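Have the viewer open as you read, and let us begin with a single residue.

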Amino acid sequence: MSFDTKENTPGTVPANGHSDTTPEARPLLIAIAGNPNAGKTTLFNALTGLRQKVANYPGVTVERKEGNWKFDPGRPAARLIDLPGLYSLDATSLDERLAREVLTGRLPGLPKPDLIIAVVDATNLERNLYLVTQLIEYNIPVVIALTMVDLAEKRDLKIDVEKLRSMLRIPVVRVRTREKTGLSEITEAVRGVILEEREADAFWIGNAGIDASQQADEIHLSLSDDEAANRQIFARYKFISDVYQASVGTFDTERANFSEKIDKILTHRFFGLLILIAILLLVFQTIFTWAALPMDLLDQGFGALGETARASMPEGILTDLVVDGIIAGVGGVLVFLPQILLLFLFISILEDTGYMARAAFLLDKLMSRVGLHGKAFLPLMSSFACAIPGIMATRTIENKRDRLATILIAPFMSCSARLPVYALMIAAFFAGQTVFGFISVGAVLMLAMYSLGIAVAIAVAFLLKKTILKSPPPPFVMELPPYRIPNLRTVIQNMLTRAWLFLKRAGTVILAISIILWALMYFPRSQAPVADESTAARVQLENSFAGRLGQTIEPVISPLGYDWKIGVAIIASFAAREVLVSTLSIIYNVGEEENEESPTLIGAIRGAHDSGGAKVWTPLTALSLMVFFVLAMQCMSTLAVVRRETNSWGWPIFMFVYMTVIAYAAAFATFQGGKLLGFS
Amino acid sequence: MEKIKVLTLADVAAGTKAKVLRVSGSGPVPKRLMEMGIVPGVWIRVVKSAPFGDPIEVRLRGYSLAMRRNEAESIEVTE
Ligand SMILES: Nc1nc2c(ncn2[C@@H]2O[C@H](COP(=O)(O)OP(=O)(O)O)[C@@H](O)[C@H]2O)c(=O)[nH]1
Ligand SMILES: [Mg+2]
């Protein structure tokens, strides 16, 4: 990643970052920095209102929230940046390193900030001030915004702001973002610093005795020696203790500690896990039920859009491309958007309440058995709905290899796009059957498919962590933030931001692959005269490149029990898994408006014969196909997101290849093993 | 002079407080622990351990922190 290599070139930044241009030449850049959960985003929203946009940092996929802040009527609006949370400037996670790059002006394309608003949580003053002691060494003016003062007051925690100001030598302002007070004071403080062109009053807390003329950046880098670093940290906390003594005095921090009381139940040895399972079940249940209606509507909407487009455009290739390629292809993926949105919504709520950290706490031991981090749990869990939000949620994992391992196994979780495939196979070949007289075979198979995915994921994670992604056991030092009632606006904004990034990220690739797959099925055009429309569709598909490809790969897939028609359907389903159903409908000539429960498609599959008169589909074929779908990487959107998240083509290609190989081997074992055991 | 009994944070029973003497070892983990405020002289209370015995939850400076037992072993404390 671009900022890894830059660590070795310190001190190239001019002291105030803008000595190359005059301050008037460009809008001021003001960064909001602070610990996670300190209230940065809330303050950012309060200051910028709706004048904000979300983009990615160059080269990496951390979101960059930027807005315009009119802090002074006589000046152009400043660019305000909401940085990811960080505890220290020497930190290691992707988010944290990025924040540091911005603050030190090392990020290409972004000047060094002219001012930093340090957000400090009043209820957690000491740890929050640690970052501040580092920030004030950077020769950038700092203004402290003291948040959560309402909570502090509730606990009778009184902070002498005047004392803080004089000891830290920077402006300190109380803000109550929820009541929107303190905003004009913070504006005033920032304006004061900017208009007076006050120089940063950098002073060195961590390095008493080191030549103060040296750049702070260099000091941080040159003191890699552990002892020196530890002394530095100790000196900072010593200073903080003095500040705390002077501005707060003695205070019983254990007062009104509601979170610990809630945790008596939520992280209870036994009930904690039960509640976690219950919450997850509830979330998934809700996602599936709530998303059903909007998904149907979207499906119909895209259908109607396609029809309208066909009706209003002249017949020809262009129309076919737009309708069957673009609208159908992109629509097929966008249909899942309600599910993705809901999943993002629940993730946001779980994060904002503080529960997410508890889930990681509860499950870390289990996850670490296979070499993963407790934080990997949530991405994997999300992947049961859809791997895309799951993969995007891996960003909180600090170690790059742990993160990669999590990304690489996430698609093994049976996502909702596989459900139509499982449902079709079960309806066609296992409907109404029971084991022991009362358990339905369908339910057992469904459970078996989910379990297979999990088991293979565990095995692969274990192997990856033993081989190419070998790394020492990831450290697990994680704050358990106080429980808070989520802020509706933040939650919805988070959800929309993520959904938008998903659309932007996956959109272009989905579009491209939709067109390619369409072309494979569309060309060359078949000239044979045909009786009716659905026969025409079938003949066309048989003679298309995709059809020929299916026939070419038949020798390869016949050991799995598949004929070339299934081969074509599998090729088509690389766009998205559920496409299998509609493709089979076309191949078996039952018209396009079929779904997994439609009796005609089921009948057609059951009755299909090959040229020799033998049945193409047997229960064993169905089982083999289900196993293949559990394990194969058939989702272009996921690959697109992996490409963006890892910033390389190597990993998505690796993912595609290794998953397909495993899927092939497992389907082979299922079919051949089943035959050996006498099943059919 | 009376000798103080040195143990690691991993040995401290849930519900008990201990005072940090030093964070041993080198590399990013001890550093991160110190940055989070675990420096000599600070009092830490062990709150509980997770369902499978690991990680543990501790409280210091008015906030809660979770860490694995092998990280807690690098924190030398006295009760
Ligand atoms: N009571 C109270 N809650 C706040 C305040 N500022 C932010 N919050 C809440 O604290 C949580 C974290 O805030 P957020 O802005 O997302 O923090 P960030 O991680 O620093 O961006 C959210 O649930 C906010 O609603 C405040 O001044 N008082
Ligand atoms: Mg935020």
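## A buried serine in chain A

S414(A) is buried, with a relative accessible area of 0%; buried means under 20% relative accessible area, exposed over 50% and partly exposed in between, with a 1.4 Å probe and protein chains only. This is a predicted model, in which local features need pLDDT of at least 70 and side-chain atom pairs count only at pLDDT 80 or more, while totals for chains, interfaces and linings use all residues. Side-chain values use heavy atoms, with hydrogens and water left out, residues are numbered from 1 along each chain as its sequence is written, and chains are lettered from A and ligands numbered from 1 in the order in which they are written.

You will find S414(A) in the loop between α16 (400-409) and α17 (419-429) of chain A. Helices (H or I, at least four residues) and strands (E, at least two) are DSSP runs, numbered from the N terminus. Which residue's side chain makes a polar contact with the side chain of S414(A)? That partner is Y422(A), at 2.8 Å. A polar contact is a pair of N or O atoms within 3.5 Å; within protein, one must be able to donate a hydrogen and the other to accept it, and residues adjacent in sequence count only if both atoms are side-chain atoms. Setting aside neighbours within four places in sequence, S414(A) is in contact (heavy atoms within 4.5 Å) with S383(A), F384(A), Y422(A), M449(A), Y450(A) and V630(A).

## Chain A as a whole

Chain A holds 27 helices and 10 strands, and 54% of its 680 residues count as buried. Among its contacts between residues at least 6 apart in sequence, 73% join residues at least 24 apart. Chain A exposes about 28,600 Å², with carbon and sulfur atoms supplying 63% of it; accessible areas come from the Shrake-Rupley method with a 1.4 Å probe, and for residues only the protein chains shown count as cover.

Helix α3 (residues 125-135) of chain A is worth a look: 11 of its 11 residues are buried, so it is largely enclosed by the rest of the structure. Its buried residues include the charged pair E126(A) and R127(A).

## Around ligand 1

Ligand 1 is surrounded by 17 residues, where near means that a residue has a heavy atom within 4 Å. The closest are K40(A), T41(A), T42(A), D150(A) and R178(A). The shell divides into 5 nonpolar, 7 polar and 5 charged residues. Here Ala, Val, Leu, Ile, Met, Phe, Trp, Tyr, Cys and Pro count as nonpolar, Asp, Glu, Lys and Arg as charged, and the others, Gly among them, as polar. Both α1 (40-48) and α4 (149-154) of chain A supply at least two shell residues, and the largest share, 3 residues, comes from α1(A).

A polar side-chain atom of T42(A) lies 2.5 Å from an oxygen atom of ligand 1. On the backbone side, an N or O atom of N37(A) is 2.9 Å from a ligand oxygen, and a polar backbone atom of A38(A) is 3.2 Å from one. The protein covers 93% of the 580 Å² of accessible area that ligand 1 has on its own.

## Chain B

Chain B has 2 helices and 6 strands, in the order β-β-α-β-β-β-α-β along the sequence. Of its 79 residues, 61% are buried. Just after α1(B), G37(B) takes a positive phi of about 105°.
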